[in-house]
Amino acid sequence: MTRYLFSPLRIGPVTVRNRIVFSAHLTNYAEDGLPSEQHAAYYAARAAGGAGLVITEEHSTHPTDWPYEKLIHGFHRSVVPGYRRITEAVHAHGVPIFAQLNHNGGQASSMYSRLPVWAPSAVPDPMFREVPKAIDTREIAEVVAGYGTVAGHCAEGGFDGVELQCSHSSIVRGFLSPATNKRTDSYGGSLAGRARILLEIVDAVREALGPERALGVRLCGDELIEGGTTIDEAVEVARMVEATGKVDYINTSIGVATSTLYMIEASMAIPPGYALFISNAIRRAVRLPVVGVGRIKDPLQAERALEEGHCDLVGVVRGQIADPDFAAKARSGHGGDIRTCLSCNQECVGRMGLNRWLGCIENPRTGREAVALPMPRARKRVLVVGGGPAGLQAASTAAERGHHVTLFEREQGTGGQVAVAATVPSRAEFLDVVRNLRAECERHGVDVKTGVAATAEMLRDEHPDVVVLATGARPQPVHWAGGVDRVVDVRDVLEGRAAPEGDVLVVDELGFHQASSVAELLADRGCRVRISTPGMVVCQDLGVTLDMETFNVRAHAKGIEQATDEVVMSAAAEPDGVALQILKHTTGEMTEARFDWVVCATHQAPEDALWHELKDSPFAVHRVGDCIAPRRAHAAVVEGHRVAVGL
């Protein structure tokens, strides 16, 4: 039941048809500081999918604010035509759209602007490590005026309202926080002083917008840093904002976009709804509508947040990145068909951190909505071998486009390595990618045959038009193992072929969840675990997906040791154990160590024997995913989709 979720709500002069908000988030879609067609198509897809309100990513309000390359420079009037393209595309679906305004303040870099970073005080950010310029009162007035200027551009560009970002990464949050505002003038000291710039910005923006457009403020309820803003002060600021009589709603957040970013865009290691205590506290203190957030990934969670009084609207970002039709499916009673977000952060948060445009591990169309797909060709008989993400995606897309598809999987269930990976601590939600794709295959009429090991002879006898091979990858022995029995692969442990005990060394050469997951699993089973890597950081790519902090907390609690800059050179069998020669490559020192077992998170080999048998067949044969080259799940999904679209 979605009694509350699909009820309308008035936000000042704007009425939304439901309570689902596609909240502001970075996309890296800007081109030379301007909004792009990629933006317009991306936001329009979520409006078409039934969102009640769309709020765009931040628009910079001043030339000193250029923290990352692909930022919308809202202070240039040249943005207005792009604004109009975005708003017209969204309005075509009857959905209001707001723009978020921001100056990142000291949470930025001078790399792109070649100007000093501005902040309330000269307190360097721990990520950018750049000492900012403490701005004077003349510059504060310039910042305030910049917000008004951009608000005027947004009004001219057709936006129905704007939201002031005073959370995450913001000069306003910097002023509000006692951790970063050390001023002794009228813009510092007491909470009233620290909030002064926010109230001045509210005045300037409301004047630029007029009464016919909505104005919102997004506040951080708890920075989760020493000496920072906590919920009590956030509630007081919310009361101040409401008292102006010029603000129509309050949005919420948690954490700081550098020090505690892992709590803003939390991975699957953090429970859904974890930040709703903030919207709950603010909602009890003000009468304005309040938006709640916090890894809310399905309609039932959203409905519960409303029903329990935590908020008036629900921000669903990654859920609608993964499935633009999130709201429409929920409203029509097809919530089970939603392609639920995994909260894996690999292609949304992770790509952004690598200066790439936002995508999605599950949805190969995210970020590519502006690129039209070719029309389906004549119907073909397609056989897919392999039921992991690559095979399931290829089968689903091919069937959706009208082909007759049969999928063969040799195991009794689909999922491939994902099904195995999801069995370890804190990774169960990763299995959703399989559940989602399997459901799509069923909806589109794919004939899925499990427990069938396809052979070249069998496939030829079927006389297909096309065969798509998604046969995955297999573990391969490391060169230094020398055939020692107690040197095994991660998959040997997870698939039950090996049961290490005692002192276990996990060798991390992949830098991702493989090593951390098996280490936690073995520690939970009572093993004494040490992770060793040739890299500078154990499981370093967990930093990209914001899993590093929570893993380190759990690893410390479980007694997992970590060692870096180590290369295992050789292994020799000992009675009930393994003797290793280990090189510390930063110093050239060689040491000896003994463990009961060694578990290797190392590179796999393509499972491509069937490809070599079939590549000269009279029908078309394609490979996708790991059987071309072992990589991560997103590559498998993209390739499965790409091959199917090209059939």
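Guide: This is a predicted model. Start with a sheet: strands of a sheet pair through backbone hydrogen bonds, either parallel or antiparallel. Here 5 strands make up an open sheet with parallel pairing, in the order S15-S14-S13-S16-S27.

Visitor: Which strands stand at the edges of this sheet?

Guide: S15 (447-450) and S27 do; each has a single partner strand, so one side of each has no neighbour in the sheet. On average, neighbouring strands of this sheet are turned by 15° against each other, direction ignored.

Visitor: How many bridges join S13 to S16?

Guide: There are 4 bridges between S13 (residues 381-385) and S16, and the two strands run parallel. Val 384 has Val 468 of S16 as its bridge partner, and Val 385 is paired in the same way with Leu 469 of S16. S16 is also joined by 4 bridges to S27 (residues 620-623), again in parallel. In that pairing, the partner of Val 466 is Ala 620 in S27.

Visitor: Which way do the residues of S16 point, and are they buried or exposed?

Guide: S16 covers residues 466-469; Val 466 and Val 468 point one way, Val 467 and Leu 469 point the other way, and all are buried.

Visitor: What lies across this sheet?

Guide: Helix H14 (residues 389-400) lies across S13, S14 (404-409) and S16, and runs at about 165° to S14. H14 also packs with helix H16 (residues 432-443), at an angle of about 30° and with the axes 9 Å apart.

Visitor: How is an angle like that put into words?

Guide: Angles under 35 degrees count as roughly parallel, and H14 and H16 are therefore roughly parallel to each other. The crossing of H14 past H16 is left-handed. On the H14 side the contact is made by Pro 389, Leu 392, Gln 393, Ala 395 and Ser 396, and on the H16 side by Val 434, Leu 437, Arg 438, Glu 440 and Cys 441.

Visitor: At what angle do the axes of H2 and H3 cross?

Guide: Helix H2 (residues 80-91) and helix H3 (residues 137-156) cross at roughly 50°, and their axes come within 8 Å. That angle makes H2 oblique to H3. The crossing is right-handed. Val 80, Tyr 83 and Arg 84 of H2 meet Val 150, His 153, Cys 154 and Glu 156 of H3.

Visitor: And an antiparallel pair: how many bridges join S22 to S23?

Guide: S22 (residues 566-574) and S23 (residues 577-584) run antiparallel and are joined by 8 bridges. One of the pairings links Ala 571 to Leu 580 in S23. The hairpin of S22 and S23 has 2 residues between the strands, and Asp 576 takes a positive phi near 60°.

Visitor: How should I look at the interior?

Guide: In soluble globular proteins, nonpolar side chains tend to be buried together. The largest nonpolar core here has 80 residues, of which Leu 101, Tyr 147, Leu 164, Leu 198, Val 205, Val 217 and Leu 219 touch the most other members. Beyond its neighbours within four places in sequence, Leu 164 has contacts that include Leu 101, Tyr 147, Leu 198, Val 205 and Val 217, and also Gly 216 and Arg 218. There is a second, separate core of 32 residues, with Met 268, Leu 342, Phe 430 and Val 466 among them.

Visitor: Where does Pro 120 lie?

Guide: Pro 120 is in the loop between strand S6 (118-119) and strand S7 (133-134). Pro 120 is buried too, at a relative accessible area of 5%. With residues up to four places away in sequence not counted, Pro 120 touches Ala 134, Ile 135, Ile 171, Gly 174, Phe 175, Thr 180, Asn 181 and Arg 183. Between Pro 120 and Gly 353 there are 26 Å from C-alpha to C-alpha, at a separation of 233 residues in sequence.

Technical notes: Residues numbered from 1 in each chain as written. Predicted model: local features only at pLDDT ≥ 70, side-chain atom pairs only at ≥ 80, totals over all residues. Heavy atoms only, no water. Core = buried A, V, L, I, M, F, W, Y, C linked by side-chain atoms within 4.5 Å. Buried < 20%, exposed > 50% of the residue type's maximum accessible area, 1.4 Å probe, protein only. Contact = heavy atoms within 4.5 Å. Pairing = 2+ DSSP bridges. Axes fitted to C-alpha atoms, helices over the stretch in contact; angles between N-to-C directions. Parallel < 35°, antiparallel > 145°, perpendicular 65-115°, else oblique. Left-handed = near helix turned anticlockwise from the far one by under 90°.
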